[in-house]
Amino acid sequence: MLEANWINETAKFFNPKELCAKKWTEHAWNEDHSIRTVWIIRDTRITNTLVECVNNVNVGVLSLFADEAQTAFRSLESIRAKNFLKISKFADFVVLVSGTPFPLGPKEDAYGILVNLAGGGPDRPIAKWSDKQRVWLNNLFIKRGGWNVLSFRKLITPFYLCRNSKSKWDSKPIIPEEIARPRPYILQPKPISADADLIKEFNSVKTAMNKRDGLVDLGALRLRSDDMKLSAWTPLWRDIKESTTHMTAEQKKAVMESKIKNGLETLEPTGRMNRLVSIVKRIHFVEKERFIIVVDRIFLSLLAIYVHEPLMLANEQLCESVGIKIGVLAGQKLFSYTTAQRDRVPERLNTGEIQGVVMTDRVGACGHNLVGANHMIFMGSLYSQAYEDQAIGTSGT
């Protein structure tokens, strides 16, 4: 969340005489010594000047909150994490605020995140762990064969706090009871003959993938199902798949972009594509609201970007140059979207500068506060209920 968002949201919920959020600057710090002031600091702005201000016998850092820092803290080489440790050692209490603390799972992510939050690794100062906890932590992740999910749960349970819709503060619900989670609904594709052909093909695949014992090879079936799902969005997928078999990920992406840009508008829109375009137009023109499209494949994100950004990549047949502006949140550069543009997407959506966002499920699970949209569109299932729940919650619907 941007500094301005924290400051604005704090003003909505707290009397400034009780709690006031301010952007940290050296001048503001020297002017305000109130214990009721909460300082908001971007991790990219943790400088030696800040460290010197905190490292003072007259200063006590009661608590330090890292908002959605798991993305950077997963890596032990993260510069942001190393900077964070420079000030976390002065704090009495350190917190990671996140809806998805371990995006790729605790075995993959937990060690880097925990060590970067509180020290304790081989090359990190011991900040918050006791000697016993530090040995336990390192044995779990560094010792060969040491990983055990039950031991991990036992280690982390004393530090883990979870808020849900039933959580209360001073006997009152934290989340107002009248606020309900949105109920997702499934939009069936507009029927066309190609969909019927794909259904027949998929049913024949089930029979072909039976094992000798009569059971179905679910792994192979899922891969085949994915292939058919992408083909159902556009026949271009199979051509792309065949021509990129031995390419690197970057080469594949380049081929996808080229074929979508040069071939999509020459094809008759599929039932899924017609449905997607119609719902986006309804949200934008009829309901005058904003949307988020979530995908689980780079191919689908490229497809959505091309179709729904007519100002840059006009697709006359599908979009009729309606001028819907979108942003892109993905782990890599797609089409002409730069990293700088990507970093501004949450702010631009929340202020109404753009009408929609196309994002991958992994990025959607990293805690971007996209409160400016109230429609979430999934281009097919993400196969992970946790990722879907996180993405829905992120949108603020």
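Is Arg348 buried or exposed, and with what relative accessible area? I looked this up first.

**Entry: Arg348**

I find Arg348 in helix α17 (residues 345-351). Helices here are DSSP runs of H or I with at least four residues, strands are E runs of at least two, and both are numbered from the N terminus. Arg348 is buried, at a relative accessible area of 17%. I use buried for under 20% relative accessible area, exposed for over 50% and partly exposed for in between, with a 1.4 Å probe and protein chains only. Setting aside residues up to four places away in sequence, I see Arg348 touch Glu353 and Ile354; contact means heavy atoms within 4.5 Å.

**Entry: ground rules**

I am working on a predicted model, where local features need pLDDT of at least 70 and side-chain atom pairs count only at pLDDT 80 or more, while totals for chains, interfaces and linings use all residues. Residues are numbered from 1 along each chain as its sequence is written, and side-chain values use heavy atoms, with hydrogens and water left out.

**Entry: whole protein**

I note 19 helices and ten strands. Of the 397 residues, 40% count as buried. The protein exposes about 23,200 Å², and carbon and sulfur atoms supply 53% of that area; the areas come from the Shrake-Rupley method with a 1.4 Å probe, and for residues only the protein chains shown count as cover. Among contacts with a separation of 6 or more, 62% join residues 24 or more positions apart.

**Entry: nonpolar cores**

I looked up the largest nonpolar core, which has 35 residues; Ile293 and Phe299 touch the most other members. Such a core is a set of buried Ala, Val, Leu, Ile, Met, Phe, Trp, Tyr and Cys residues joined through side-chain atoms within 4.5 Å. Elements that give two or more residues to this core include α10 (218-233), α13 (271-286), β7 (291-295) and α14 (298-308). With eight residues, α14 gives the most to this core. Another core, of 34 residues, lies apart from it and has Leu50, Cys53, Ile87 and Phe141 among its members. In soluble globular proteins, nonpolar side chains tend to be buried together.

**Entry: α5 against α6**

The axes of helix α5 (residues 79-88) and helix α6 (residues 106-118) come within 7 Å and cross at roughly 40°. Axes are lines fitted to C-alpha atoms, for helices over the stretch in contact, with angles from 0 to 180 degrees between N-to-C directions. From α5 the contact uses Ala81, Phe84, Leu85 and Ser88, and from α6 Val115, Asn116, Leu117 and Ala118.

I place Asp227 in helix α10, buried at 6% relative accessibility. Beyond its neighbours within four places in sequence, Asp227 is in contact with Trp237, Arg238 and Lys241. The C-alpha atoms of Asp227 and Arg238 are 7.9 Å apart, with the two residues eleven apart along the chain.

Gln70 is in helix α4 (residues 70-73) and is buried at 0% relative accessibility. I read 6.8 Å between the C-alpha atoms of Gln70 and Phe102, which are 32 residues apart along the chain.

**Entry: positive phi**

Glu68, not a glycine, has a positive phi near 50°. I find Glu68 in the loop between β3 (64-67) and α4, buried at 18% relative accessibility. Lys288, also not a glycine, has a positive phi of about 55°. Lys288 lies in the loop between α13 and β7 and is exposed at 64% relative accessibility.
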